[in-house]
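I opened my notebook to look up a few things in a protein model. Come and read along with me.

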Amino acid sequence: MDTPFAEGVLSPSSAEMRPEPPNSLDLNGSHPRRIKLTAPNINLSLDQSDGSVLSDDNLDTPDEIDINVDDLDTPDEADSFEYTGQEEQTATKDASQEESESIPEYTAEEEREDNRLWRTVVIGEQEQRIDMKVIEPYRRVISHGGYYGDGLNAIIVFAACFLPDSSRTDYNYVMENLFLYVISTLELMVAEDYMIVYLNGATPRRRMPGLGWMKKCYQMIDRRLRKNLKSFIIVHPSWFIRTILAVTRPFISSKFSSKIQYVNTLAELREMIPMEYVHIPDSIVK
């Protein structure tokens, strides 16, 4: 039977018998009492009855949002976008790598070979480069024919039969380089007085040098070479070469015109100069 006590009065015996409040950390190993909570009933049915999660009350959406799936514009395969940036970058990288791998190494031997194919000369105080490869078949057009008289009086032989054919597509380019080669070679061969033997025989019309080319050669000859030229002998002159010389007479000095001589046969030429070192092409001999 419970013992009542007055409000606000505590007896000594009741104060001593009051149990101590529980400690949250039970050091004696006792377990606190578990409290069970009861969860409310929730209806998870998929119908739209009252209380269901699919009911109209729970699915409260604005009336103005009305989406028709059939009206949506969806992209087809033609409108699909493929990002090709990575592929292009990879292709460019591969092409660059392939190009870098395809560049051959420029060896010292190839450099020496290129130096032999190009010759740098100074004509008229201007530096010129000669394409030696393109004129290789025509270098025989000029040669050294030995000496005459006393001292170093050189004989320069010019064989027109070795000139390039005018039907070449690069004819002008070949003639430009051949012109530089002839002038530079002439300066190397000539030390003192000299003569030029122009072999006109066995030369078809298409191989004959043009008027402009001959005029340019004359104008580019150094003053020393003009002065030291003692004779210009033309062997087997044709009517064409005679006509060219007649046309060019106004452009050349009277002193140079007086040095021109015509020789009709090789026998006549032998009477004029020593022929020991003069090379006559077989086509002219025949």
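My entries below cover aromatic rings, salt bridges, backbone angles and a charged patch.

**Before I start**

I am working with a predicted model, where local features need pLDDT of at least 70, side-chain atom pairs count only at pLDDT 80 or more, and totals for chains, interfaces and linings use all residues. Residues are numbered from 1 along each chain as its sequence is written, and side-chain values use heavy atoms, with hydrogens and water left out.

**Entry 1: aromatic rings**

I remind myself that a pair of aromatic rings is described by the distance of the centres and the angle of the planes. My rule is that rings of Phe, Tyr and Trp (its six-membered ring) pair if their centres lie within 6.5 Å; planes under 30 degrees apart count as stacked, over 60 as edge-to-face and the rest as tilted. How many aromatic pairs does the structure hold? I find four.

I looked up Phe158 and Tyr198 among them: the ring centres are 5.5 Å apart and the planes are at 10°, so this pair is stacked. Phe158 sits in strand 4 (residues 153-159) and Tyr198 in strand 5 (residues 194-199), so their pairing ties together parts that are 40 residues apart in sequence.

Are these two buried or exposed? I call a residue buried under 20% relative accessible area, exposed over 50%, and partly exposed in between (1.4 Å probe, protein chains only). Phe158 counts as buried because its relative accessibility is 9%, and Tyr198 is buried too, at 5%.

Next I turned to Trp239 and Phe240, an edge-to-face pair with 6.1 Å from centre to centre and 90° between the planes. Trp239 is exposed, with a relative accessible area of 66%, whereas Phe240 is buried at 15%.

I also noted one aromatic cluster, formed by Phe158, Tyr198, Phe232 and Phe256.

**Entry 2: salt bridges**

Side chains of opposite charge can pair when their charged atoms come close. I count a salt bridge when a side-chain nitrogen of Lys or Arg is within 4 Å of a carboxyl oxygen of Asp or Glu. By this rule I get three salt bridges.

I looked up Arg206 and Asp165, whose side chains meet in a salt bridge at 2.5 Å, N to O. Arg206 lies in the loop between strand 5 and helix 5 (211-220) and Asp165 in the loop between strand 4 and helix 4 (171-189), so this pair ties together parts that are 41 residues apart in sequence. Arg206 is partly exposed, at 47% relative accessible area, but Asp165 is buried, at 16%.

Glu136 pairs with Arg139, and their closest N and O atoms are 3.4 Å apart. Glu136 is partly exposed at 46%, and Arg139 is partly exposed at 30%.

Asp170 forms a salt bridge with Arg168, with 2.7 Å between the closest N and O atoms. Asp170 is partly exposed at 26%, as is Arg168 at 29%.

**Entry 3: backbone angles**

Most residues other than glycine have a negative phi, and most peptide bonds are trans. With that in mind, I checked Ala202 and found a positive phi, near 55°. Ala202 lies in the loop between strand 5 and helix 5 and is partly exposed, with a relative accessible area of 42%.

What is the phi of His236? I find a positive value near 55°, in a residue other than glycine. His236 is in the loop between strand 6 (229-235) and helix 7 (239-248), and at 25% relative accessibility His236 counts as partly exposed.

**Entry 4: a charged patch**

Which residues form a positive surface patch? I wrote down Arg223, Lys227, Lys230 and Lys255. For patches I take residues with over 30% relative accessible area and no salt bridge, joining like charges within 9 Å and nonpolar side chains (Val, Leu, Ile, Met, Phe, Trp, Tyr) within 5 Å. Lys and Arg count as positive and Asp and Glu as negative, while His and the chain ends are not counted. The place of a charge is NZ of Lys, CZ of Arg, CG of Asp or CD of Glu. Accessible areas come from the Shrake-Rupley method with a 1.4 Å probe, and for residues only the protein chains shown count as cover.

I followed Lys255 to helix 8 (residues 254-258). Lys255 counts as exposed, at 65% relative accessibility.

Note on methods: Helix = DSSP H or I, 4+ residues; strand = E, 2+ residues; numbered from the N terminus.
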